[in-house]
Amino acid sequence: MLNLVLFGPPGAGKGTQSQKLIDKYQLIHISTGDLFRAHITNQTDLGKKVSELIANGELVPDEITIAMLEEEAHRNKDAKGFIFDGFPRTVAQAQALDLFLIGRDTKITGVIALDVDQEELSRRIAERKKISNRVDDDADKLKRRIDEYFSKTVQVLPYYEEQGKLTKVNGIGEIDAIFASLCAVIDSYQTNS
C-alpha cells in the first residue's frame with residue numbers, strides 16, 4: 001500500500017499536486033480541509049463546531065480530526081493507498097496516524113514537504129482568493145494559518161525525518177516540473193520497497 005503525507009504551508013500547492021498524484025497512482029485523497037468543509041456544508045454537529053474554530057483561525061482538536069480521518073479511511077477499505085493532505089499537523093496526530101495504519105497492517109511510505117517561501121505563499125493565496133473566495137484566505141486568518149504552520153506544524157517534520165521517511169521538494173516553479181519531482185520521489189519509494 002502506498003501511503004503518502006504531503007506537507008506544506010497554506011498555498012504551497014498541496015491540493016493541486018495531490019490531485020495529479022491521485023490520478024497517476026490511483027490513491028484516495030484524504031484532505032482534512034475537504035473533510036471539514038464537507039461537514040460544514042452539511043451542517044453536521046461536528047461541522048458547526050469546526051466552522052466556529054476555523055472562523056476564529058484555530059486548529060481543530062486532534063480527536064475530532066483523527067475521528068473524521070479514520071471514518072474516511074474505513075469508507076475506502078479497498079484503496080491502493082492514501083495521500084494525506086493537511087494531516088498530521090502535530091506529533092500527536094502523526095503518532096495517532098501511525099497507530100491507525102499499523103492497525104490496518106500498513107504504514108506511511110513517505111512524507112514529502114513542498115518548500116515554498118512566505119513571499120510566494122502570499123502571492124499564490126492572493127491569486128487563489130480572487131478565484132475561490134475561500135473564507136480561510138482572509139488576510140488575518142491566513143496570517144494565523146501560515147504562522148501556525150511555521151511555528152507548530154513544521155515540528156512534525158523531524159518526527160518523520162527520524163524514521164527516514166522525509167523528502168523535501170522545491171515547491172516553487174511550474175506545476176508540471178514540481179509534479180515530476182514528486183513522482184521521482186514516489187517512484188524511488190516503490191523501487192526501494
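Mentor: Helices H2 and H3 cross in a left-handed sense, meaning that the near helix is turned anticlockwise from the far one by less than a right angle. The model is a predicted one, in which local features need pLDDT of at least 70 and side-chain atom pairs count only at pLDDT 80 or more, while totals for chains, interfaces and linings use all residues. Residues are numbered from 1 along each chain as its sequence is written, and side-chain values use heavy atoms, with hydrogens and water left out.

The two elements, H2 (residues 32–41) and H3 (residues 45–55), have axes that come within 7 Å and cross at roughly 115°. Such axes are lines fitted to C-alpha atoms over the stretch in contact, with angles from 0 to 180 degrees between N-to-C directions; helices are DSSP runs (H or I, at least four residues) and strands likewise (E, at least two), numbered from the N terminus. From H2, the residues Phe36, His39 and Ile40 meet Leu46, Gly47, Val50, Ser51 and Ile54 of H3, where contact means heavy atoms within 4.5 Å. These residues divide into five nonpolar, three polar and no charged; Ala, Val, Leu, Ile, Met, Phe, Trp, Tyr, Cys and Pro count as nonpolar, Asp, Glu, Lys and Arg as charged, and the others, Gly among them, as polar.

The loop between H2 and H3 holds Gln43. Although Gln43 is not a glycine, its phi is positive, at about 50°. Most residues other than glycine have a negative phi. Gln43 counts as partly exposed because its relative accessibility is 47%; buried means under 20% relative accessible area, exposed over 50%, and partly exposed in between (1.4 Å probe, protein chains only).

Helix H4 (residues 62–75) also touches this pair: its buried residues pack against H2 and H3, as well as strand E2 (28–31), strand E3 (81–85) and helix H5 (91–103). Those buried residues are Ile64, Thr65, Ile66, Met68, Leu69, Glu72 and Ala73.

Of its 193 residues, 46% count as buried. Among contacts between residues at least 6 apart in sequence, 77% join residues at least 24 apart. The C-alpha atoms fill a box of roughly 45 × 40 × 30 Å, taken along the principal axes.

Notes: Expected span 1.5 Å × (residues − 1).
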